[in-house]
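Here is a short briefing to read beside the structure.

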Amino acid sequence: MQYLPIFTKLENKPVLIIGGGEVALRKCRAFLKANAAITLVAPEFCSELQSLAADSIVTLKNKRFDESDLENTMLVVAATDIEAVNAEVAQLAESRNLFVNVVDDQPKCNFIFPSIVDRNPITIAISSAGTAPVLARRLREKLETLIPQHIGPLAQLVGQFRHKVKARFKHFADRRQFWESVFDSNVVSEVQAGNKENARAQLETMLDNTATPEGEVYVVGAGPGDPELLTLKALQLMQQADVVVYDYLVSDEIMELVRRDADLICVGKKAGNHSVKQEHTNQILVELAKQGKKVCRIKGGDPFIYGRGGEEVQVLAEHNVKYQIVPGITAAAGCSAYAGIPLTHRDHAQAIQFVTGHCKQDGQELDWEGLAKANQTLAVYMGVIKSPHIQAQLLAHGRAPNTPVAIVENGTRPTQRVVRTQLDQLAEAIASHDIQSPALLIIGEVAALHEQLAWFNKNNQISSFAQPITQVA
Ligand code: SAH
């Protein structure tokens with residue numbers, strides 16, 4: 001990071017601006033918002049600056065800049081239209097270890113002015129470190145529309161309650177929980193409606209009535225990996241949780257989005273390699289909730305599709321633990337979209353079946369006859385290890401050997417790979433391309449549409465056929 005964003009308190013602190021024109025005035029206004037003690041140095045000043053000085057809001061020194069002006073100042077802005085003067089200011093300020101900004105000359109700056117979204121006291125600063133000011137400005141415009149105006153008054157109001165809340169709750173975690181409940185309550189809508197006094201009264205009542213907070217578990221689907229496929233609700237709950245319980249399927253990019261100070265518990269799970277037993281996971285969830293914690297149980301894809309979410313929620317219900325369930329984009333939906341393979345298509349597939357290659361008890365067989373029917377799509381989860389068996393059973397039950405198959409590895413992630421093959425070469429393709437988990441098998445006529453419709457990570461498309469593709473009968 002070339003520039004570290006810090007928020008400085010400049011109230012009554014000496015700030016120097018070299019220049020007396022429009023640009024100097026603009027910078028002066030920025031510093032006035034922070035109530036800095038501003039001095040301007042220039043041979044002449046625009047009328048606005050003169051009237052600010054007449055009202056004793058700024059001090060003007062009517063002279064050319066020289067080194068003595070730098071005494072007793074914290075930071076300097078060079079805002080003249082003479083390059084040589086600006087360069088001299090920058091160089092002298094640097095040599096005195098002062099913060100210096102030269103307007104429109106980023107290489108000479110050791111501090112820069114960010115774009116600001118101002119919802120006082122909430123302030124958002126954006127910078128591209130001088131690389132792409134237009135991009136930073138567009139980002140700011142986006143944030144301006146996203147962040148409601150009432151955030152400012154809301155922050156002001158809660159700021160007035162900080163001491164009271166601190167006195168009422170000794171532990172940090174309890175205070176945090178109280179504030180979470182405030183921001184979920186109609187204190188917010190009262191502020192939004194401009195009813196500050198109602199909001200204040202509601203806050204007082206909440207403060208009087210707080211009992212031990214009730215725990216809750218959010219069972220959240222995180223989708224197949226691309227963080228932009230998270231739902232808004234998933235993101236909200238990930239950021240509210242005190243504890244996040246996750247497993248290996250949740251991508252690193254998504255874990256980056258959970259609340260910074262939340263505790264993280266990994267109950268990582270890979271087929272055949274259960275690092276934490278399901279019963280233990282269930283127990284962790286119940287215990288944390290009973291301690292009053294907000295627990296985000298985050299799972300890859302959708303929690304109710306081969307995610308054992310059902311079992312976890314049953315245990316929560318048995319223990320009377322409050323819960324919410326947030327659906328996620330399941331691997332079949334994510335992988336098919338990002339591989340350009342419609343799971344159904346009027347000409348090719350009238351049905352789609354989700355199948356697991358990894359059953360609870362070994363030997364528990366699938367309905368192979370039904371699965372081997374033509375003109376349907378199979379989305380096989382956890383099918384890599386058992387692919388020779390899947391291939392053999394489907395062929396034995398009459399599925400055509402040249403049925404198109406796509407193997408989607410790391411679907412929706414930057415490392416996505418799609419291997420296209422046909423049913424009688426499935427296991428061989430998996431072995432020869434060293435397919436790693438997570439990978440989804442898409443078996444059926446629609447898989448052939450990948451060649452035409454692929455759009456994501458097209459450099460990682462692999463064709464794996466012993467002979468040229470033959471038309472499906
Ligand atoms: N609940 C998850 C599935 C968990 S089972 C969901 O709804 O998606 C784990 C299996 O899901 C993996 O073995 C793999 O077959 C599939 N899977 C999950 N994420 C995937 C991804 N990004 N790419 C390919 N397959 C994935």
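Which element gives the largest share of the lining of the largest pocket? Helix 1 does, with five residues. Please keep in mind that this is a predicted model. The points below go through that pocket, then the ligand site, then the cavity.

**The largest pocket**

- The largest pocket holds about 2,000 Å³ of space.
- Its lining is made up of 47 residues, and I112, F113, P114, S115 and I116 are the ones nearest the centre of the pocket.
- Helix 1 spans residues 22–33, and it is one of several elements that each give at least two residues to this lining.
- Strand 5 (99–102), strand 6 (115–119), strand 7 (122–126) and helix 4 (133–146) also each contribute at least two.
- Sorted by class, the pocket lining has 27 nonpolar residues, alongside ten polar and ten charged ones.

**The ligand and its shell**

- Around the ligand there are 20 residues, and those that come nearest are I305, T330, A331, G411 and A439.
- The side chain of T330 places a polar atom 2.6 Å from an oxygen atom of the ligand.
- I305 uses its backbone instead: an N or O atom there is 2.7 Å from a nitrogen atom of the ligand.
- G411 likewise has a backbone N or O atom 2.8 Å from a ligand nitrogen atom.
- On its own the ligand would expose 540 Å², and the protein buries 95% of that area.

**Where the shell residues come from**

- Helix 13 (331–339) and strand 19 (439–443) each provide at least two residues of the shell around the ligand.
- Domain 3 (216–329) and domain 4 (333–360 + 367–453) are both represented in the shell, each with at least three residues.
- In terms of class, twelve shell residues are nonpolar, six are polar and two are charged.

**The cavity**

- Searching the whole structure turns up one cavity of 30 Å³ or more.
- The volume of the largest cavity is about 40 Å³.
- Six of the residues lining the largest cavity are nonpolar, four are polar and one is charged.

Methods:
Residues numbered from 1 in each chain as written. Predicted model: local features only at pLDDT ≥ 70, side-chain atom pairs only at ≥ 80, totals over all residues. Heavy atoms only, no water. Near = heavy atom within 4 Å. Polar contact = N/O pair within 3.5 Å; in protein donor to acceptor, adjacent residues only side chain to side chain. Areas by Shrake-Rupley, 256 points an atom, 1.4 Å probe, with all protein chains shown as cover. Helix = DSSP H or I, 4+ residues; strand = E, 2+ residues; numbered from the N terminus. Nonpolar A, V, L, I, M, F, W, Y, C, P; charged D, E, K, R; others polar. Domains from an automatic or database assignment. 1 Å grid on protein atoms, 1.4 Å probe; cavity = no way out; pocket = protein on both sides within 12 Å on 5 of 7 lines; lining within 4 Å. Points joined across faces, edges and corners; volume = space filled by probe spheres on them.
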